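Please look over the protein chain shown here. A short report on its fold and on selected residues goes with it.

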Amino acid sequence: MRKTISKEFGDRKPRAIVLDDNARARQMTGRHLRRRGFETIECATTEQFLDKWLPGTVDVVIADWQLSSDPKKHGDKILEAVRMRDWDVPFVLVSGKLDEDSERIKILQGLLNKGGAAFVQRGEGGIKKACESAEDLMERRDLALLKLILSLRNAAMDGEKIRTSSGEQSVAKLLESIVSNPKTSHDAERPIAQKLGQP
């Protein structure tokens, strides 16, 4: 892991989710990230991903584009779903099937422009490139927001609640409300993404 990233995390490990229906690619990506100092969660399906992903508790997502024959379960749809609930988390899409598909290229360009995502073509060195792209995006995160996320993360993952003036609130819901709103950014020079649907 780069020093610029490890400095922000201190003694904690950044958390990554690898979503890929190809077991070998998923395991190799997870292994590469662990060697770089990440804690990894590996998922083979969108359902597993959605079951394990909690907004604000993951520092990077690396996802295969074509996860199934159903286009509603492809990586670009996962990115859109993630962006509705977490605008800050870096997201890397990986595909070996881009070819000359102009519709896919158009979708990809929109995602990269608004989605705070990177794209890596599968092939020789593809896993290394995906992990490097993940770290590139992590270096662009809003540092004030990251500190706030890290201060709430363990409590959110443990299901803790806090008292507010209107009663009790789960820390997980509080964290989601923070990461789902790009206006919470304190570091305007380092936004990771615009909220989808905004200019």
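## Basis of the model

This is a predicted model: local features need pLDDT of at least 70, side-chain atom pairs count only at pLDDT 80 or more, and totals for chains, interfaces and linings use all residues. Residues are numbered from 1 along each chain as its sequence is written, and side-chain values use heavy atoms, with hydrogens and water left out.

## The chain overall

The chain has 8 helices and 7 strands. These are DSSP runs, numbered from the N terminus: helices are H or I with at least four residues, strands are E with at least two. Of the 199 residues, 45% are buried. Buried means under 20% relative accessible area, exposed over 50%, and partly exposed in between, using a 1.4 Å probe and protein chains only.

Contact means heavy atoms within 4.5 Å. Among contacts with a separation of 6 or more, 71% join residues 24 or more positions apart. The accessible surface is about 10,200 Å², and carbon and sulfur atoms hold 49% of it. That area comes from the Shrake-Rupley method with a 1.4 Å probe.

## One face of helix H4

Helix H4 spans residues 75-85, and its buried residues are Gly75, Asp76, Ile78, Leu79, Val82 and Arg83. Seen down the axis of H4, they fall within an arc of 155°, so they line one face of the helix. The arc is taken from the directions from the helix axis to the C-beta atoms. An α-helix has 3.6 residues a turn, so residues three or four places apart point the same way.

Arg26 sits in helix H2 (residues 23-35).

A polar atom of the Arg26 side chain lies 2.5 Å from the backbone oxygen of Asp20. Beyond neighbours within four places in sequence, Arg26 contacts Val18, Asp20, Asp21, Glu42, Cys43 and Ala44.

Pro14 is in the loop between helix H1 (3-9) and strand E1 (15-19). Pro14 counts as buried because its relative accessibility is 0%. Its contacts outside four places in sequence include Met1, Phe38 and Met138.

Glu168 belongs to strand E7 (residues 167-170). Glu168 counts as exposed, because its relative accessibility is 55%. Setting aside residues up to four places away in sequence, Glu168 touches Lys161, Ile162 and Arg163.

Conventions
Polar contact = N/O pair within 3.5 Å; in protein donor to acceptor, adjacent residues only side chain to side chain.
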